[in-house]
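Hi everyone, thanks for coming.

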Amino acid sequence: MRARRENLFHLLEPLLGRVEHPARYLDHEWGAVQDQEGPFHLCMVYADVYEVGQPNLGVAILYNQVNAQEGMSCERCYLPWKDMASLMRESGVPLLSLEGAAPLASFDAVGFTLAHELIATNVLETLDLAGIALTSAERDEDDPIVLAGGPSAWNCEPLAPVFDAVLLGDGEESIVEVCACIRDARAEGVPRAELLRRLAAVPGTYVPSLYEARVDEGSTRWGYAVPRPGETAPEVVRKRCVNDFAATDAVAQRIVPYMGIVQDRLSLEVLRGCARGCRFCQAGMTYRPVRERPADQVVSGGVEGLLASGHNEISLTSLSTTDHSQCEEILRRMNVELEGRGIRVSIPSQRLDSFGVDMAAAVAGGKRGGLTFAPEAGSQRLRDVINKNVTEEDLESAARNAFEAGWRRMKLYFMMGLPTETDEDVVGIARMAERVLEIGREVVGRGPKSGVSVSISVAVLVPKAFTPFQWCGQLGPDEVRRRQQLLLHEIRDRAIRVSYHDADVSLVEGALSKMGRAGFALVRRAWELGCSFDAWTSEFRFDLWVRAARECGLDLADVACEEFPLSARLPWDHTSPGVSKGFLQREWLRAVEGVTTPDCTRTSCTGCGVCPALGVHNVIQGVRS
Amino acid sequence: MSGSRPQPTDARPQDLPVKAELPRLRVEYVKDSRLAFLGHLDLIATVERCIRRARLPFSVGNGFARRVRIQFTSALPVGASSSCEYFDLRLTEPVDAQEALCALRAATPAALRPVRAAYVPGRLPALEAWLDRSSWELLAQGAGFDAARIARGVELVRERGELTYLRGEKEKRVDVASTLVGFEARDAEGGVALSVETRLAGCALRPQVLLDAAADAVGLPRAAALRVRRVRQGHEESGRLVEPFGPFCEKDGTPLS
C-alpha cells in the first residue's frame with residue numbers, strides 16, 4: 001500500500017545535529033522548485049550522497065522537464081550517508097524526498113539515474129530505506145512505479161528485476177510521456193500489470209518484467225531476453241534521441257547547492273554525442289549522433305546562467321568539448337563577456353593536439369594549473385587497436401606547446417588490459433611519460449626549481465556493452481597487478497608520479513557490466529551482506545563481494561574475464577542505442593588488425609547505423625577541424 | 001552582459017585603488033531555521049553566490065582563485081542559529097547602502113536574510129578579529145537539568161580555568177578564565193535557559209562545549225536537546241563595547257564612544 005504523502009522533515013530535523021555534513025539534507029536551495037503541488041509526483045533519485053548526485057546533469061534536465069508540465073511535480077532524493085541511514089532506521093524515519101520531505105514510498109513514480117555500475121547496491125539500499133519492495137514482482141498494486149535510466153542502463157540486466165521500466169537514451173521527452181502514461185493509467189484504475197504493458201508501448205521504454213531470459217547454444221551463459229509468450233513488448237527496444245538539441249535549455253542546472261559538491265560549478269552541455277569512435281568508450285557509442293549547440297546559445301545561456309546562479313565557474317561539458325566546431329569562438333566570446341568578474345571557464349577534456357592546448361590556454365587566462373591529456377595507450381600499435389586517433393607526434397607537439405605556454409604539470413590518462421596488450425605496450429606508457437617529461441625539461445630547464453612534473457593515471461579496461469570490446473574478457477586481477485608492478489618498475493624518474501585503479505574494484509565493475517539478469521542474485525546478496533557505496537574506496541568491501549559471489553555459485557574473475565563468441569546473442573541484445581551489432585563486430589575485427597576508423601563528423605559516414613535506425617543525423621554548427 | 005561591470009578592468013594597475021580604499025559595506029544578516037546546519041565554509045560560498053546574484057559591483061582579489069573580497073565573523077557552530085551575523089564586502093564603487101540591501105535580500109534565501117547594511121571605515125581591522133564579543137542564548141533539556149545545578153557546573157568549570165575537549169580527533173584547549181565573560185541560568189518552560197557572554201581569545205569557547213563540561217562537572221548526562229542562538233556581537237575596546245555599525249570617527253575611522 002502506498003505511503004501517505006506528508007511533510008516529515010520534523011522527524012529528520014532532530015537527527016541533523018548528530019550526523020556528518022547535515023547540509024546534505026537541508027533542501028531549500030536557491031532555484032529548487034518548492035511548489036510541488038502535483039497531483040502527479042515523480043521523485044528523481046541519485047543513489048549516492050548529495051554532493052555526488054547533485055551535480056548530475058541528467059537529473060537536472062529531467063527535473064526541469066517534469067516540473068515544467070502542468071499537473072506534474074518532480075522532487076529529488078539522494079542516498080543518506082551511512083550515519084544518517086543508521087539513525088533513520090533506528091528512529092523509524094523512512095527515506096524522504098528533499099523538496100517536500102515526503103516519503104519516497106508515497107510518490108507515483110521513483111526514477112533512478114544509473115550513472116555507473118558500482119551504484120547497484122546503493123539502488124537496493126535506497127529502496128530498502130524507503131520501504132519500497134526491492135523487486136518489481138514483490139511490489140503491491142499501488143506502490144510507486146520504479147523507473148531507471150542513464151549511462152549504465154545499457155546493461156541494466158543485473159538490476160532488471162528491480163525496475164518496473166527503464167528509459168533508454170535521451171530522457172527529455174520520454175520521461176514526460178512515461179509520467180503521463182502512469183498518471184493516466186492510475187486515473188483509469190488500470191491494474192499494475194496492465195500499466196506496465198502500456199509503458200512498454202512508450203517508445204524507448206524497456207519493461208523488464210515483460211521479458212524472460214533464455215539460454216541456448218547461441219547465447220552466453222547469461223542468455224538473452226525475449227518477450228514473454230503472449231506479450232507484445234518490442235523484441236528490441238531502441239533508445240530515444242533528441243534530434244533538435246538546440247531546442248533544449250542550454251542551462252539545466254538551476255539549483256544552487258549550499259554545500260560544496262564534487263563539481264561545484266555551473267555546467268552547460270555544449271554538445272551531445274561523440275563520433276571519434278574510441279572502441280572502449282560506451283558513451284561514444286551510445287550517445288550518437290553528434291549534436292552541437294550553437295555558439296550564440298552557449299554564450300548567452302552561460303552568461304544568463306551565471307547571473308542567475310551566482311556561480312564563479314562554468315564548465316562547458318560534453319564528451320569532447322574541444323571538438324565543437326565553434327569552440328574557439330565560444331571561448332573567445334565568453335572570455336570577453338565574463339572579464340573582470342572573477343569567473344573561471346573550464347572545459348573537462350582537452351583534445352590531444354595543439355588546438356587542445358590553445359583552447360586550454362584560452363580558458364586558463366593567465367593561470368596555469370595542471371593540464372590533462374588522455375593518450376590511453378603507450379604505443380601507436382595499441383592506440384590504433386582502440387581507435388584513439390592520435391600519434392606520438394600529436395602528443396609530443398601538444399606537450400611542447402603546453403610547456404611553452406607556461407604549464408609545468410602534465411597529467412596523462414592511460415588504460416591497462418586493452419585487447420592485444422603486451423608487456424611492451426605497458427613499458428611504452430613509462431617511455432611516453434619520460435618523453436613528455438624530457439620535452440618539459442628541454443623547454444623549461446632541468447633545474448630542480450623548473451617545477452616540471454608528469455603524473456600518469458592508469459585505469460583498467462572494463463569491457464562495456466555496446467562497444468566493439470563487448471565480447472572481450474577483462475584482464476584478470478593477478479595479471480593487472482603484475483602489469484602495474486611492471487609499470488612501476490619501469491618508471492625511474494621521481495618527477496613522474498603513478499596512480500592506478502584498484503584491480504578488485506575494476507573486477508566487480510567488470511562482473512556487473514557482463515552479467516545478465518541472473519546476476520541480480522549476486523547484487524542482492526552483496527547488499528544483504530553489507531555492501532553499499534561501492535564506488536567509495538573507503539567503503540568498498542571486496543571480501544563481501546567475493547563471499548556473495550561464492551554463495552551464488554559464481555567467481556567474480558570467471559565472470560568478468562569471460563570472452564563471448566562474436567556470434568553469440570548477448571544479454572543486452574534486446575535493447576539498442578542505434579549502433580548496429582554488425583558495425584560493432586566490424587570494429588572489433590578492425591581493432592584486432594590495428595585498422596583505425598575515422599570520425600564521421602570530419603569525413604564521411606562510417607556506417608555505425610545510428611542515423612538510419614533512429615531517423616537522426618549529426619548536427620554540426622560550423623566546420624570541424 | 002547586462003548589469004554594471006563590477007571591476008574597473010580598463011584602468012592601469014597603478015591607478016586601481018588599494019584594498020583599504022575600496023568602499024567597505026557591512027551587512028548584518030540572520031542565520032536560522034534549517035540553514036543553522038550550514039557549516040562555515042559552505043556559508044562563505046553561499047554568501048558569495050548571493051552577492052554575485054545581487055549584481056553588486058564587488059571587488060575581486062588577485063589570488064589564483066579570484067575570490068570576491070569578503071570578510072566574515074567568527075564561525076558559528078553547526079546547528080547554532082543567529083540573529084546577528086556580519087560580512088564586510090569590498091565594492092569597486094559605492095552603491096547606496098539601502099539599494100544594496102534590497103538587492104541582496106532579493107538574491108538571498110530567507111534563512112540567511114540580510115537585515116541591515118551600512119558603510120564602515122575601510123581601515124578597520126579584519127571583521128573576524130574585530131568582533132570579539134558574542135552573546136548567546138541556549139535552551140537545554142536533559143535528565144536532572146535545572147538552573148542551579150547547571151550554574152554550579154559552570155562555576156566549577158570556571159574555577160578550573162581551562163577546558164579541554166575533542167573536536168574530531170583534535171584536542172582543543174580553551175582558556176575559560178579569559179573567554180567566559182558572563183553566565184546566567186534560569187529555569188524556563190521546556191528546560192533550562194542560559195545566557196552566555198564570550199570573548200574571542202585564542203581558542204573560541206563554544207557554548208555547547210561549556211554546557212557539556214558543566215554537566216560533566218556536576219555528574220549530569222549531556223543535554224538531550226539543545227538550541228543555541230547567537231544574539232549579539234560587538235567589539236571590546238578599553239573596557240567598553242562597540243556596536244558592529246559604530247559609530248566611527250569620520251576622520252580616522254576609530255570607534256566613538
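So, which helix of chain A does A:Cys611 lie in? The residue sits in helix 21 of chain A, which covers residues 610-614. Before I go on, please keep in mind that this is a predicted model.

Okay, is A:Cys611 buried, partly exposed or exposed? You need 20 or more neighbours to be called buried, and 12 or fewer to be called exposed. A:Cys611 has 18 C-beta neighbours inside 10 Å, so we call it partly exposed. If we skip the neighbours within four places in sequence, its contacts are A:Pro289, A:Val616 and A:His617. And how far is A:Cys611 from A:Cys472? In sequence they are 139 residues apart, and in space 27 Å, going from C-alpha to C-alpha.

Let's move to the strands. Strand 2 of chain A, residues 72-78, is mostly covered, with seven of its seven residues buried. Strand 2 of chain A runs parallel to strand 1 of chain A, residues 40-46, and seven bridges join the two. If you want one pair to find on screen, take A:Met44, whose bridge partner in strand 2 of chain A is A:Arg76.

There's also an open sheet of three strands in chain A, in the order 10-13-14, with parallel pairing. Which strands stand at its edges? Those are strand 10 (266-269) and strand 14 (344-346) of chain A; each has a single partner strand, so one side of each has no neighbour in the sheet. From one strand to the next, the twist averages 20°. Strand 10 of chain A is joined to strand 13 of chain A, residues 313-317, by four bridges. Lying across strand 10 and strand 13 of chain A is helix 9 of chain A, which runs at about 160° to strand 10 of chain A.

That brings us to where the chains meet. In total, 23 residues of chain A are in contact with 28 residues of chain B. Helix 9 of chain A, residues 295-309, gives the most to chain A's side, with three residues. That side of chain A has 10 nonpolar, nine polar and four charged residues.

Last topic: helix packing. We describe two packed helices by the angle between their axes and the distance between those axes.

In chain B, the axes of helix 4 (residues 147-160) and helix 6 (residues 207-217) come within 7 Å and cross at roughly 100°. Helix 4 and helix 6 of chain B are therefore roughly perpendicular. Residues making the contact include B:Ile150 and B:Gly153 of helix 4 of chain B, and B:Leu210 and B:Ala213 of helix 6 of chain B. By class, the contact has nine nonpolar residues, one polar and no charged.

In chain A, helix 15 (residues 477-490) and helix 16 (residues 503-514) pack at about 140°, with axes 9 Å apart. Helix 15 and helix 16 of chain A are therefore oblique to each other, and their crossing is right-handed. A:Pro477, A:Val480 and A:Arg481 of helix 15 of chain A meet A:Ala503, A:Asp504 and A:Leu507 of helix 16 of chain A. This contact has four nonpolar residues, no polar and two charged.

Technical notes:
Residues numbered from 1 in each chain as written. Chains lettered and ligands numbered in written order. Predicted model: local features only at pLDDT ≥ 70, side-chain atom pairs only at ≥ 80, totals over all residues. Axes fitted to C-alpha atoms, helices over the stretch in contact; angles between N-to-C directions. Parallel < 35°, antiparallel > 145°, perpendicular 65-115°, else oblique. Contact = placed C-beta atoms within 7 Å. Nonpolar A, V, L, I, M, F, W, Y, C, P; charged D, E, K, R; others polar. Left-handed = near helix turned anticlockwise from the far one by under 90°. Pairing = 2+ DSSP bridges.
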